Amino acid sequence: MYVCLCHGVTDTQIESAIDNGAETMKSLAIELKVGTQCGKCCQCTKRVLNKKLLQIAETQSQVA
Ligand code: FES
């Protein structure tokens with residue numbers, strides 16, 4: 001699903017960037033340019049970011 005239409009960024013690309021170490025909106029903006037033009041994708045990007053970070057945290061707490 002496209003999250004950022006201005007830069008053609010999908011939720012899968014955002015999740016991959018998070019898997020590769022991006023943990024903030026700023027780092028996603030630097031890496032993928034999401035939210036750097038009209039800004040309409042910021043809320044959706046934040047939802048994808050928070051959901052993914054929660055998944056990572058839950059996975060890590062199960063391992064620990
Ligand atoms: S839709 Fe992402 S900056 Fe416009």
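Biologist: I have found leucine 49, and its place is in helix H3. Before I go further, how are helices and strands picked out and numbered?

Modeller: Helices (H or I, at least four residues) and strands (E, at least two) are DSSP runs, and they are numbered from the N terminus. Please keep in mind that this is a predicted model, in which local features need pLDDT of at least 70 and side-chain atom pairs count only at pLDDT 80 or more, while totals for chains, interfaces and linings use all residues. Residues are numbered from 1 along each chain as its sequence is written, and side-chain values use heavy atoms, with hydrogens and water left out.

Biologist: Is leucine 49 buried or exposed?

Modeller: A residue is called buried when its relative accessible area is under 20%, exposed when it is over 50%, and partly exposed in between, using a 1.4 Å probe and protein chains only. Leucine 49 has a relative accessible area of 4%, so this residue is buried.

Biologist: Which residues does leucine 49 touch, if we do not count those up to four places away in sequence?

Modeller: Contact means that heavy atoms lie within 4.5 Å. With those sequence neighbours set aside, leucine 49 touches Ile18, Ala22, Glu23, Thr24, Met25 and Leu28. Another way to look at the fold is through C-alpha atoms: those of leucine 49 and alanine 17 are separated by 9.7 Å, although the two residues are 32 apart along the chain.

Biologist: What can be said about valine 48 in the same way?

Modeller: Valine 48 is also found in helix H3, and its relative accessibility of 12% is why it counts as buried. Beyond four places in sequence, valine 48 touches Val3, Asp11, Ile14, Glu15 and Ile18. From C-alpha to C-alpha, valine 48 and isoleucine 18 are 9.6 Å apart in space and 30 residues apart in sequence. Glutamine 43 lies in helix H3 too, but at 62% relative accessibility this residue counts as exposed.

Biologist: How many residues does the largest nonpolar core have?

Modeller: A nonpolar core is a set of buried Ala, Val, Leu, Ile, Met, Phe, Trp, Tyr and Cys residues joined through side-chain atoms within 4.5 Å. The largest one here has 14 residues, and those with the most contacts inside it are Val3, Val9, Ile14, Leu28, Leu32 and Val34. At least two residues of this core come from each of strand E1 (2–4), H1, helix H2 (25–32) and H3. As for valine 34, its contacts beyond four places in sequence are Cys4, Val9, Ile14, Leu28, Ala29, Cys41 and Thr45.

Biologist: Now for charges: how many salt bridges are there?

Modeller: Side chains of opposite charge can pair when their charged atoms come close. A salt bridge is a side-chain nitrogen of Lys or Arg within 4 Å of a carboxyl oxygen of Asp or Glu; by this rule the count is 1. Lysine 52 forms a salt bridge with aspartate 19, and the closest N and O atoms are 3.4 Å apart. Since lysine 52 lies in helix H3 (residues 42–63) and aspartate 19 in helix H1 (residues 11–19), the pair ties together parts that are 33 residues apart in sequence. Lysine 52 is itself buried, with a relative accessible area of 13%. Its contacts beyond four places in sequence are Glu15, Ile18 and Asp19.

Biologist: Lastly, what is the phi of lysine 33?

Modeller: Most residues other than glycine have a negative phi. Lysine 33, in the loop between H2 and H3, has a positive phi of about 70 degrees although it is not a glycine. At 48% relative accessibility, lysine 33 counts as partly exposed.
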